[in-house]
Amino acid sequence: MESPTKKKSGHEVLDGSNIMELVGNEEVFTHFVDHKFHELDKDRDGKLSVNELHPAVADIGAALGLPAQGSSPDSDHIYSEVLSEFTHGKQEKVSKTEFREVLSDILLGMAAGLKRDPIVILRIDGEDLVEFVSSPSFEPEMISISSEIESSSADQVLTLRDFIIKALEKLTVEQGIPPTSDSWVVSNILEPALQPCAGHDWEKPVSQETFLVEFKKAAESVAQHLKEQPVIVAHSENTFDGTGIKRLLSNKFELDKTLNVAIENVPKDRNGKMSKEHLRVALDVLAPTAGLPPLGAVEEMDKVIGDVFKMVNADDGKMVKEDEFKKLLTEILGSIMLQLEGSPISVSTNSVVHEPHASSSTLLQPSSQ
């Protein structure tokens, strides 16, 4: 996967290779395990509870430069794969040997997730924005954005300030703007950058010419703030084209195993039947194995799944036997695969990494303590 701006050297691709290196180096990994175990074993009883292991996952995520849990569907998907490693363990204390095994499994699970969906770490430092503002595409792109803003706000009178803020929100990391949905970016970069630009006509309705001139000034000010305080963004691009489902459906052993795990927690009535209303939950459990995002993470994918469910009457709530339930799940997977093969869904996500990325990587180094 290429990074979106392609030309900068400050991009780092997280594809799991550094994890494979860590786990593969016996001496380094032993140091890492010893230090981590000591750190997590708060009561010093030489054992860890499963709950005490969870912070290790968050730590490892931070060490790899992954955005915090809850901030990006792609990295959350990797975290959930990591956490699912725990569910195979018994809910009891874990010795250092077991901890080493669990940690190795977790890290390899994380590496597999990153290999499949690499995350590019971008350092947004104002350079791309300056380049965009001085490029030939600046004016046509901003005129197009300005028309979009006008048509979507036809019933409002927008001031120059409103226009500039809305236009900045429409720019992407490709043009050098970090995600404006992040409140830290708004309060630490955008707001301070826009203050010096405010003039006597800042609150007046806007003409296209004024907008272009004033927007350029505002963008240059934002670029200056980014130069002083660069923003680290985790960027990932995924294309869901059905290949993950195809792979799963072509391996009968893997498919049976996955279906059994998916229906493990589906309640049955006294005749051993299951309600079709649990199909969505079961589908969500097998989503990672089929190369699908979690439900609710990708709007276009939810729509495809919704259409498939209608097609096979999966939402009628009827009770069916276990075999029929599995057969329906397989049919749903096949239909989703065909839809995605016909029109793949591409998604890119950008999340601000709030921990300083450079220092976070020391977590993967053996500690001197």
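The buried residues of helix α13 are covered by elements that include α12 (252-263), β4 (274-275), α14 (299-311) and α15 (322-342). Buried means under 20% relative accessible area, exposed over 50%, and partly exposed in between (1.4 Å probe, protein chains only). Helices (H or I, at least four residues) and strands (E, at least two) are DSSP runs, numbered from the N terminus.

This is a predicted model, in which local features need pLDDT of at least 70 and side-chain atom pairs count only at pLDDT 80 or more, while totals for chains, interfaces and linings use all residues. Residues are numbered from 1 along each chain as its sequence is written, and side-chain values use heavy atoms, with hydrogens and water left out.

Helix α13 spans residues 279-286. Its buried residues are L279, A282, L283 and L286. They lie on the same side of α13, because they cover an arc of only 100° around the axis. The arc is that of the directions from the helix axis to the C-beta atoms.

Two packed helices are described by the angle between their axes and the distance between the axes. For α12 and α13, the angle is about 130° and the axes are 8 Å apart. Axes are lines fitted to C-alpha atoms, for helices over the stretch in contact, and angles run from 0 to 180 degrees between N-to-C directions. The two helices, α12 and α13, are therefore oblique to each other. Angles under 35 degrees count as roughly parallel, over 145 as roughly antiparallel, 65 to 115 as roughly perpendicular and the rest as oblique.

On the α12 side, the contact is made by T258, L259, V261 and A262; α13 supplies A282, V285 and L286. Contact means heavy atoms within 4.5 Å.

**The whole protein**

The protein has 16 helices and six strands. Of its 369 residues, 44% are buried. Among contacts with a separation of 6 or more, 82% join residues 24 or more positions apart.

The C-alpha atoms of K115 and D15 are separated by 4.7 Å, although the residues are 100 apart along the chain. K115 counts as exposed, because its relative accessibility is 67%.

**Confidence**

Mean pLDDT is 80, and 83% of residues reach 70 or more. pLDDT is the predictor's confidence in each residue, from 0 to 100.

Where pLDDT is low, the predicted coordinates should not be read in detail.
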